Amino acid sequence: MSRRIGIILTLLAFVIAAPGHANATAEVPTSKQTVLKKYFSAKEAFDEVTSNRSKVLFVDVRTSAELMFVGATGEIDTHVPFVEMVYPATWDAAKNRFKLAPNTSFVANVDAALSQKGLSKSDMVIVMCRSGDRSAKSVNALAAAGYTNVYSVYDGFEGDASKEGRRTINGWKNAGLPWSYKLDGAKIPAAHTTAK
């Protein structure tokens, strides 16, 4: 009997000590699930990035407008939008928003950032968008290109929308993690910048 209690206590200790990654697919809504099934909450991503900065590539995949008007965290290594607004701006009546087009250089831009940091496609990459949908698509695109250890921040930078339509439920900003409206131009790849 005491041996059984010892085994149970050992298993319980292991469960409590295990990292809190949301690897259990049931915790992540279907629309935010990825082929790699690797997820972090915003807080878990922050903890991972700040404790293993040299071994992790942290990519913000939101549009340039989102970064400029909503803010960003200085913890990212780079900004590589998964989709970007079409210029000149064109209205998409079916989706009731401005049209977005895929970034055809997305994987190449992430490859370049990974190489610049001295990492490989088997090293940890964390991607974050507004609320976890585009980051899931980003993970799938990177997985198709041979990446094997990519995590999606399933609650994103702004988090999920409440019943009132406000993004106040979860996410980077709502977790009280560091962010600013002032962007760091060094984290914006040259392909996205214009001359003065």
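A few ground rules come first. The model is predicted, with local features needing pLDDT of at least 70 and side-chain atom pairs counting only at pLDDT 80 or more, while totals for chains, interfaces and linings use all residues. Residues are numbered from 1 along each chain as its sequence is written, and side-chain values use heavy atoms, with hydrogens and water left out.

The sheet makes a handy starting point. Helices (H or I, at least four residues) and strands (E, at least two) are taken as DSSP runs and numbered from the N terminus. Two strands are said to pair if DSSP finds at least two bridges between them. Strand β2 (residues 56–60) and strand β8 (residues 124–128) run parallel and are joined by five bridges; Val56 has Met124 as its bridge partner in β8. Moving along, β8 pairs with β9 over three bridges, again in the parallel sense, and β9 is joined to β1 by two bridges, also parallel. Ser152 turns up in both of these pairings: Ser152 is the β9 bridge partner of Val127, and Ser152 is also the β9 bridge partner of Tyr39. As for the side chains of strand β9 (residues 150–153), Val150 and Ser152 point one way, Tyr151 and Val153 point the other way, and all are buried. Here buried means under 20% relative accessible area, exposed means over 50%, and partly exposed is anything in between (1.4 Å probe, protein chains only).

Next come the charged pairs. A salt bridge is called when a side-chain nitrogen of Lys or Arg lies within 4 Å of a carboxyl oxygen of Asp or Glu, and that rule gives a count of six. One of them pairs Lys32 with Asp160, with 2.5 Å between the closest N and O atoms. This pair ties together distant parts of the chain, 128 residues apart, with Lys32 in the loop between α1 (2–17) and β1 and Asp160 in the segment after β9. Lys32 counts as buried because its relative accessibility is 4%, whereas Asp160 is partly exposed at 22%. Another salt bridge joins Glu66 to Arg134, the closest N and O atoms being 2.8 Å apart. Here the link runs from helix α3 to helix α5, across 68 residues of sequence. Glu66 is buried, since its relative accessible area is 13%, and Arg134 is buried too, at 15%. A further salt bridge brings together the side chains of Asp77 and Lys117 (3.0 Å, N to O). These two are 40 residues apart, Asp77 in the loop between α3 and β3 and Lys117 in the loop between α4 and β8. Asp77 counts as partly exposed at 25% relative accessibility, and Lys117 as partly exposed at 26%.

Accessible areas come from the Shrake-Rupley method with a 1.4 Å probe, and for residues only the protein chains shown count as cover. Met68, Phe69 and Leu183 make a nonpolar patch of about 330 Å², with Met68 placed in helix α3 (residues 64–70). A patch of positive charge gathers Lys95, Arg97, Arg130 and Lys137. For this, Lys and Arg count as positive and Asp and Glu as negative, with His and the chain ends not counted; each charge is placed at NZ of Lys, CZ of Arg, CG of Asp or CD of Glu. Lys137 belongs to helix α5 (residues 133–144).

The peptide bond from Tyr87 to Pro88 is cis, with omega near 0 degrees, and Pro88 sits in the loop between β4 (83–85) and β5 (91–92). Lys37, though not a glycine, has a positive phi of about 55 degrees; Lys37 is in the loop between α1 and β1 and is partly exposed at 42%. Asn96 likewise has a positive phi, near 55 degrees, in the loop between β5 and β6 (97–98), and counts as exposed at 59% relative accessibility.

Note on methods. Patches are made of residues with over 30% relative accessible area and no salt bridge: like charges are joined within 9 Å, nonpolar side chains (Val, Leu, Ile, Met, Phe, Trp, Tyr) within 5 Å.
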